[in-house]
Amino acid sequence: MTHTPTDPKTLWKEQALPAQTLTPAMLETRARRLDDRIRTRNLWEFVAGGLVVAASIAIAALTLLSSPWNAPALTIAGGFILLGLGALVAMWQLRRRTSPPRIDGAAPTLGHYRAELVRQRDALRSVFRWYIAPFLPGFILIYGATLFDAGALWSVLLPALATLIFLSWVVYANHRAAACIDTEIADLDRTAQET
Amino acid sequence: MPDQTKIERRYADIAADHGGMIARMAAAYEREPAARQDLEQDIHMHLWRSLAVFRDQCSPATWTWRVAHNVCARHVEMAARRRPANGWVVLDGTDLPDSRATPETVTDDRLTLERLYALIDRLRPADRQVVLLYLEDVDAAGIAEITGLTPGAVATRIHRIKALLARGFEKEAQP
């Protein structure tokens with residue numbers, strides 16, 4: 001049996017796919033829901049940041065209360081406070097760098113798509129600067145405090161090494177993701193240069 | 001900023017003129033019915049919001065296409081990140097997927113449509129946008145304006161799309 005196929009464009013445009021109709025009230029509700037989701041996410045970030053700072057201050061205070069205020073104790077306490085502050089900076093940066101811009105139709109779509117990719121790639125590639133570096137002063141002080149006590153040096157070597165490996169892995173994984181996006185950007189650029 | 005009444009009137013006009021296109025685009029980017037409806041509503045919501053900054057920089061149709069594509073691109077972004085690099089296909093290196101075709105079902109337009117959807121799903125973002133605009137009967141100049149591709153690149157892609165669809169439909173016309 002031979003079938004005369006319908007023209008693809010006709011087939012596409014005539015498919016049974018009823019369009020939804022949204023009233024202004026429904027659109028308002030949906031927009032509000034989106035804003036609420038973002039607000040809730042931000043709130044949780046603030047709560048998490050607050051908890052990290054509170055925990056850091058608590059550990060710092062505990063360190064100072066449980067031992068004499070000598071150089072190692074002050075260094076460790078200072079380290080935990082810097083760690084808390086570092087977490088706040090990292091969280092603020094995370095929000096700043098990963099919040100997508102509002103969508104509109106002012107620019108051509110592929111330009112908009114490329115700008116999004118570039119924004120994400122740059123955020124991933126610079127992850128050391130804005131996500132790892134804020135924690136480093138805290139870690140350096142905490143682990144560095146053992147330098148005051150030669151006997152304790154070996155006890156922190158393993159945790160320090162584990163921290164270093166974890167942070168290196170974070171940087172490596174983000175750089176790999178950035179490289180994938182770079183490939184996509186290069187592909188888009190090739191497409192845009194075609195004449 | 002345009003007043004709310006003007007925005008609502010403009011949105012109503014756009015929804016009436018392009019509602020069908022928005023529904024089809026949502027379907028092309030998301031096959032799961034509930035998620036598809038959600039995406040369609042998201043497009044409407046972003047479109048409605050974006051009208052506050054619409055200053056006739058382009059035609060309402062072009063603006064609508066751009067917003068819709070941008071919302072859909074963001075929707076599939078996460079999925080695309082998970083897709084392996086070799087998961088994409090190029091326009092002139094593929095055929096319409098036909099894994100389910102049998103002599104009994106191959107004549108069915110619905111199956112053709114399914115195959116078309118399957119193809120669209122595997123295309124790179126730039127190709128996907130051009131294919132969808134082509135299927136919606138947007139001319140080459142319009143596609144260039146919406147996507148930002150050069151007219152030459154659009155023409156090349158349309159040529160490949162036509163060849164691809166012809167290959168797929170020829171197969172269907174076989175006895």
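Biologist: In this predicted model, what makes two residues a polar contact?

Modeller: A pair of N or O atoms within 3.5 Å, where one must be able to donate a hydrogen and the other to accept it. Between chain B and chain A, 22 residue pairs are in polar contact, with both residues at pLDDT 80 or more.

Biologist: And which elements of chain B give two or more residues to the side that touches chain A?

Modeller: That list runs α1 (4–29), α2 (33–50), α3 (60–82), α4 (109–122), α5 (125–135), α6 (140–147) and α7 (151–173). The top giver is α2(B), with twelve residues.

Biologist: Why is the pair A:D35 and B:R49 called a salt bridge?

Modeller: The cut-off is 4 Å between a side-chain nitrogen of Lys or Arg and a carboxyl oxygen of Asp or Glu. For A:D35 and B:R49 the closest N and O atoms are 2.5 Å apart, so the pair meets the rule. Across the whole interface of chain B and chain A, the rule finds five salt bridges.

Biologist: How do you put a number on the size of this interface?

Modeller: Chain B and chain A bury about 5200 Å² between them, 58% of it on carbon and sulfur atoms. On the chain B side, B:R49, B:N70 and B:R74 lose the most area, together 13% of what that side buries. Counting contacts instead, 66 residues of chain B meet 48 residues of chain A.

Biologist: How confident is the predictor about chain A?

Modeller: Chain A averages a pLDDT of 88, and 96% of the residues score at least 70.

Key. Residues numbered from 1 in each chain as written. Chains lettered and ligands numbered in written order. Heavy atoms only, no water. Contact = heavy atoms within 4.5 Å. Buried area = accessible area lost by both parts, 1.4 Å probe. Polar contact = N/O pair within 3.5 Å; in protein donor to acceptor, adjacent residues only side chain to side chain. Helix = DSSP H or I, 4+ residues; strand = E, 2+ residues; numbered from the N terminus. pLDDT = per-residue confidence, 0-100.
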